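Open the model in your viewer and keep the selection panel at hand.

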Amino acid sequence: MLRNLFRREPTPQEREQIESAVQKTRQGALGHISDLFRQQVITEETWDELEDLLIQADVGPTTAIELVSRARKEVEKEELKTPVEAETAVRRQMVEILGRDEHEPLEEMPAGTIILMVGVNGSGKTTSIAKLASYLEQRGRSVLLAAADTFRAAAIDQLRVWGERVKAPVVAHQQEADPGAVVFDAVKAAQSRGLDLVLVDTAGRLHTKFNLMEELQKIKRVASKANPEAHIVSLLTLDATTGQNAILQAKSFLQSVEVDGIILSKLDGTAKGGVAFSVYNELGVPIWYIGTGEKVQDLAPFDHLAFVNALFE
Amino acid sequence: MFEALSDRLTDIFTGLRSKGTLTERDVDTAMREIRMSLLEADVNFKVVKEFVARVKERSIGAEVLQSLTPGQQVVKIVHEELLRILGEPARLDLQTTPAVILLAGLQGSGKTTTAAKLAHTLRKQGHHPLLVALDVYRPAAVDQIVSLGKQLTIPVYEEGTREKPVKIAANALNHARKNAHSVVIFDTAGRLHIDDAMMHELKEIDHQVHPNELLLVADAMTGQDAVQAAEAFHQAVNLTGLILTKMDGDARGGAALSIRQVTGIPIKYMGLGEKTDALEVFHPDRLAQRILGMGDVLSLIEKAQEQYTDDQAKSLEKKMRTATFDLDDFLSQMQNLRKMGPLTQIVEMIPGMRGALKQAGGMPDLNDKQVKRVEAIIQSMTKAERRNPSIIDGSRRKRIARGSGTTVQEVNQLLNQFRDMQKLMKQLMSGKMRIPKGLMGL
Ligand SMILES: Nc1nc2c(ncn2[C@@H]2O[C@H](COP(=O)(O)OP(=O)(O)OP(=O)(O)O)[C@@H](O)[C@H]2O)c(=O)[nH]1
Ligand SMILES: [Mg+2]
């Protein structure tokens with residue numbers, strides 16, 4: 001039953017990538033969940049400790065409490081006695097809370113698709129663009145990068161270096177140029193050069209800055225003006241070390257550019273990325289990819305089952 | 001989403017009050033709320049445990065149970081305990097010449113921008129700073145700091161990306177001595193605390209330059225992992241302080257409390273924006289308020305000040321005081337508010353307003369369309385009508401609706417809103433509501 005929640009089996013290579021990223025997570029708090037259920041009997045304390053572990057993993061108090069009570073109800077209703085059965089219940093609730101996700105893989109999206117990479121400062125947008133570019137090229141799609149961060153010092157240079165490394169053309173204007181104009185030119189350039197997807201690197205912005213959030217909407221409008229047929233995908237880069245503020249971030253970006261999916265970056269650290277549970281639980285925005293390092297190959301499609309399973313091994 | 005702790009506690013205690021005396025059980029309920037609130041603010045769960053235990057101990061004391069305002073008493077205790085942990089703002093130690101500052105932290109925490117801000121701040125204090133680019137890994141990291149240096153006309157020492165950072169650091173120090181710089185600020189690459197090679201590099205740089213200040217730069221949005229990362233950095237290189245970045249957002253900043261509690265290092269500065277002057281000395285009280293989810297009035301004032309010139313604010317204040325605030329002013333207020341962001345968000349920053357709002361059934365957000373409509377309606381009024389809306393009778397309303405392409409209902413709605421606003425102002429001016437001075441512009 002769980003299996004058909006997922007669009008496809010991850011390739012062995014993808015599985016390995018997820019595995020290695022989640023390794024750290026497993027060694028941290030969420031890894032202890034299995035230990036917790038190795039005990040002989042389930043007690044009140046078991047549930048309390050489970051709640052603590054989830055909170056420690058940045059799941060957030062509200063979602064943690066909900067998760068525990070859902071698992072607990074299931075255990076009581078089904079009269080599960082053994083810790084192993086209980087563990088399965090917890091696991092099932094965790095998969096469920098991560099949500100059903102049936103998005104079309106980026107590599108299968110129609111030519112002309114425009115991907116807007118958005119997020120707060122330093123979350124990993126530019127690096128993720130490079131990783132995605134390489135990921136898509138490996139799957140036979142051609143890409144063009146748009147340097148729409150015209151604000152941060154040397155952001156354009158940064159994208160140019162990545163463009164060279166992943167052999168993708170970069171469309172850029174001057175520092176402080178209108179980001180909308182950059183996107184317009186990039187979309188037109190991709191069309192005339194017959195390139196499949198445009199990846200737009202936007203400036204980092206705190207979701208509370210009203211003007212900057214409006215600027216994002218404008219960038220999106222310009223993109224669809226440049227190519228009215230284009231499918232526009234907005235991806236939010238979320239740093240896995242982020243705590244509960246991630247929910248507010250996702251909410252604002254969702255309101256401004258209708259975020260389709262999340263790239264959860266920096267999962268190679270010790271941060272548990274538990275915020276993924278809350279973001280989906282509260283806002284319904286699914287994780288699409290995970291970032292597991294600073295190199296172009298450090299990106300993997302997010303796979304719920306693999307993710308949750310790996311946490312329990 | 002996050003209710004201010006004071007609202008919550010007041011609610012709880014009001015409920016409890018009705019059944020007479022408070023018991024220890026009741027205090028437990030309050031402690032649960034405090035726990036939730038701190039966890040939502042990203043304070044580390046272990047730190048929260050100790051904290052709540054301490055607050056509980058103090059709360060069981062008679063002062064709370066017998067108080068007429070137990071909710072406020074508990075909030076007071078929480079606030080005091082927070083301030084105790086946060087400590088006093090500490091100054092930078094820049095005794096030697098040149099003084100050396102080394103910045104370290106995770107990827108994306110804001111080190112480079114902070115380096116530029118620090119240089120800018122120190123120059124204002126009469127220093128002659130040198131910035132040094134030691135991030136040879138991230139693409140264009142050197143260009144970034146060079147470009148910031150150019151903006152500020154502060155010299156930057158760099159050797160591109162070929163040399164090892166330790167060597168660049170040594171050369172930079174010599175360069176600083178030769179050129180009589182009074183302070184040298186080293187920007188390092190972001191690194192994971194579990195990356196042994198990179199942590200080793202940081203230690204080498206530390207040994208090479210013997211910093212007066214080795215500052216951890218941490219993002220205010222960091223979650224539970226903040227403690228683990230900070231402890232690892234502290235163990236590796238003996239941090240002397242913390243700079244908390246991205247405080248201009250709405251993160252509650254609980255990570256700072258955790259870092260301070262487990263490492264004991266003082267918090268020195270807060271980053272409040274992307275501009276190079278957006279660095280402030282740490283204010284414990286402001287951070288404590290933040291963590292508790294109490295309205296950040298100061299941020300609100302800053303926000304308001306961005307939109308209003310002094311003259312505008314003064315003339316507005318006068319209008320409010322003399323009750324000559326008219327529909328034209330109303331329109332321009334609305335346009336100004338629109339620039340600041342959704343109204344709800346602003347109003348919620350005012351302490352106590354959240355509760356008042358909830359009672360009033362929430363506040364509508366202004367969108368472009370609504371502002372345009374208000375504009376159209378007010379512009380269809382005569383000067384006399386704008387100055388004195390009470391003369392707008394039925395037939396005038398019809399005319400205005402026709403002229404602005406709206407309905408009479410919409411015109412009525414606007415006039416009601418205006419009347420409410422006038423009422424609110426009267427209350428404010430009569431001192432029934434506490435309002436910070438800088439907010440007059442609103
Ligand atoms: N360890 C690790 N570091 C990452 C990952 N993704 C990005 N980074 C690093 O995080 C830092 C910031 O990444 P950027 O891609 O520049 O982030 P950004 O969101 O574009 O930043 P701004 O444009 O300044 O807002 C860089 O040092 C990256 O190397 C990841 O998955 N793991
Ligand atoms: Mg970037």
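This is a predicted model: local features need pLDDT of at least 70, side-chain atom pairs count only at pLDDT 80 or more; totals for chains, interfaces and linings use all residues.

Next, select B:Asp42, B:Ile85 and B:Leu86. Together they supply 33% of the area that domain 1 of chain B buries against domain 2 of chain B, more than any other three residues.

Now zoom out and colour chain B by domain. The assignment gives domain 1 as 3-86, domain 2 as 99-294 and domain 3 as 298-439. Show the contact residues: 21 come from domain 1 of chain B and 25 from domain 2 of chain B. For scale, the C-alpha centres of these two domains lie 36 Å apart.

How many residue pairs are in polar contact between domain 1 of chain B and domain 2 of chain B? There are ten, counting pairs with both residues at pLDDT 80 or more. Salt bridges between the two domains number zero.

Select the helices of domain 1 of chain B next. On the side that touches domain 2 of chain B, at least two residues each come from H1 (5-17), H2 (24-40), H3 (45-59) and H5 (70-86) of chain B. Stop at H5(B): the largest share of that side, seven residues, comes from this helix.

Last, colour that side of domain 1 of chain B by residue class. It divides into 14 nonpolar, four polar and three charged residues.

Conventions: Residues are numbered from 1 along each chain as its sequence is written. Chains are lettered from A and ligands numbered from 1 in the order in which they are written. Side-chain values use heavy atoms; hydrogens and water are left out. Domain bounds come from an automatic or database domain assignment. Contact means heavy atoms within 4.5 Å. Buried area is the accessible area (1.4 Å probe) that two parts lose on being put together, summed over both. A salt bridge is a side-chain nitrogen of Lys or Arg within 4 Å of a carboxyl oxygen of Asp or Glu. A polar contact is a pair of N or O atoms within 3.5 Å; within protein, one must be able to donate a hydrogen and the other to accept it, and residues adjacent in sequence count only if both atoms are side-chain atoms. Helices (H or I, at least four residues) and strands (E, at least two) are DSSP runs, numbered from the N terminus. Ala, Val, Leu, Ile, Met, Phe, Trp, Tyr, Cys and Pro count as nonpolar, Asp, Glu, Lys and Arg as charged, and the others, Gly among them, as polar.
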